[in-house]
Amino acid sequence: MMTRRDLLAIGVFSAITSVTDSDGMTVDGEFTPNDNTASHAANTIAETTRPDGLNPANLRTAGIRMVPVVDGKYKVWTKRIGRGPIKVLLLHGGSGFSHEYLEAMESFLPQAGIEMHYYDQLGCNNSDQPTDSSLWTLSRYVEEVEEVRRGLGLENFVLYGHSWGAMMAIDYALKYQQHLHSLVISNMAASIRAFEMRTAALRRQLLSSTDLRTMLSLEAASRYDDSEYQRILALLHSNMLCRTDPWPEPFTRSLRHANQSIYTQMFGHSEFVVTGNQKDWDRWGELHRIKVKTLTIGARWDEMDPEDMKKMALLMPDGRSVICPNGSHLCMWDDQAFYFEHLLEFLRSI
């Protein structure tokens with residue numbers, strides 16, 4: 001079983017000329033509902049007249065665009081899949097991971113006529129990977145989301161954040177709410193302290209007294225790479241991170257591509273001991289300012305307390321919550337049918 005820590009260690013815009021067939025599929029292989037053909041054609045015309053200097057001219061690129069960030073100093077990788085009036089920008093977790101573990105979305109959103117946009121955050125996977133550690137802050141990443149939104153021309157859109165990505169989504173909504181139609185907060189409580197309390201409680205529940213003592217002792221000695229610590233982490237992760245056996249390939253692929261330096265700086269060497277620059281993050285007192293329609297998604301075995309996910313929805317004027325009964329932190333995989341039934345129900349309602 002791979003653990004998070006194990007795998008952490010190791011000019012002109014593209015012209016996408018979309019031709020739909022009778023099944024509503026483009027020649028690029030992207031789903032385009034037939035009833036949106038007219039608006040899709042209009043969007044295509046608009047796109048082909050906006051050069052940006054980063055993407056190849058007059059080529060189909062499977063929805064991939066490079067978008068400038070940090071005032072144009074770097075660029076990040078984005079990919080659109082599908083077309084539709086509901087547009088969702090996906091913020092992956094980590095920090096330092098990649099979009100890949102969210103690929104479960106491809107089996108559900110485009111088929112429902114929902115347009116989805118991935119992007120790899122700066123420093124991650126397909127995006128530029130500068131070594132400037134001053135870039136690895138939440139406030140800088142929130143500004144990056146706004147740069148990506150502008151680069152993709154998104155307005156009145158749905159922002160989806162999972163785990164660390166949900167921290168970004170919450171802070172983005174608090175600063176740039178005027179651009180949002182709706183918000184999805186998946187598997188992230190409103191403070192790091194709440195997260196730490198939940199993981200401490202879960203490991204007391206899941207571990208033997210011997211393993212718990214060993215883990216605490218190794219943490220006190222900062223021996224996070226010790227084989228015994230890794231063994232105990234694997235046991236915990238198989239229960240509270242992802243409960244499928246084996247783990248889904250998109251998830252293990254995302255972990256293989258993770259940027260350890262970003263994760264360590266922002267969170268620390270282990271999610272059970274948060275020492276990074278996000279350790280004091282707390283937005284409980286500000287959730288009432290988020291006025292857009294919001295869905296919080298939690299899970300029974302998640303690293304986030306399901307009661308916290310329910311509380312967050314109650315604190316927002318137009319919030320609602322759903323708890324996956326059999327899932328963990330990656331409930332889009334280990335409680336997939338339930339997760340997407342309720343996510344799609346929310347997206348279709350907006």
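## Strand β5 and a cysteine pair

Strand β5 and strand β6 (residues 180-186) run parallel and are joined by six bridges. This is a predicted model, where local features need pLDDT of at least 70 and side-chain atom pairs count only at pLDDT 80 or more, while totals for chains, interfaces and linings use all residues. Residues are numbered from 1 along each chain as its sequence is written, and side-chain values use heavy atoms, with hydrogens and water left out.

- Helices (H or I, at least four residues) and strands (E, at least two) are DSSP runs, numbered from the N terminus, and two strands pair if DSSP finds at least two bridges between them.
- Ile 185 in β6 is the bridge partner of Gly 161.
- To get from β5 to β6, the chain goes through helix α4 (residues 164-176), and this β-α-β crossover is right-handed (clockwise from the first strand over the helix to the second, with the strands pointing away from the viewer).
- β5 also pairs with strand β3 (residues 86-91), in the parallel sense, over four bridges; here Tyr 160 in β5 is the bridge partner of Leu 90.

**How enclosed β5 is**
- Six of the six residues of β5 (residues 157-162) are buried, so the strand is largely enclosed by the rest of the structure; buried means under 20% relative accessible area (1.4 Å probe, protein chains only).
- Phe 157, Leu 159 and Gly 161 point one way, Val 158, Tyr 160 and His 162 the other way, and all are buried.

**The cysteines**
- The disulfide count is zero, going by cysteine sulfur atoms within 2.5 Å.
- Cys 324 has its closest cysteine sulfur in Cys 331, 3.9 Å away, which is too far for a bond.
- Both are tucked in: Cys 324 is buried at 1% relative accessibility, and Cys 331 is buried at 0%.

Methods:
Buried means under 20% relative accessible area, exposed over 50%, partly exposed in between (1.4 Å probe, protein chains only).
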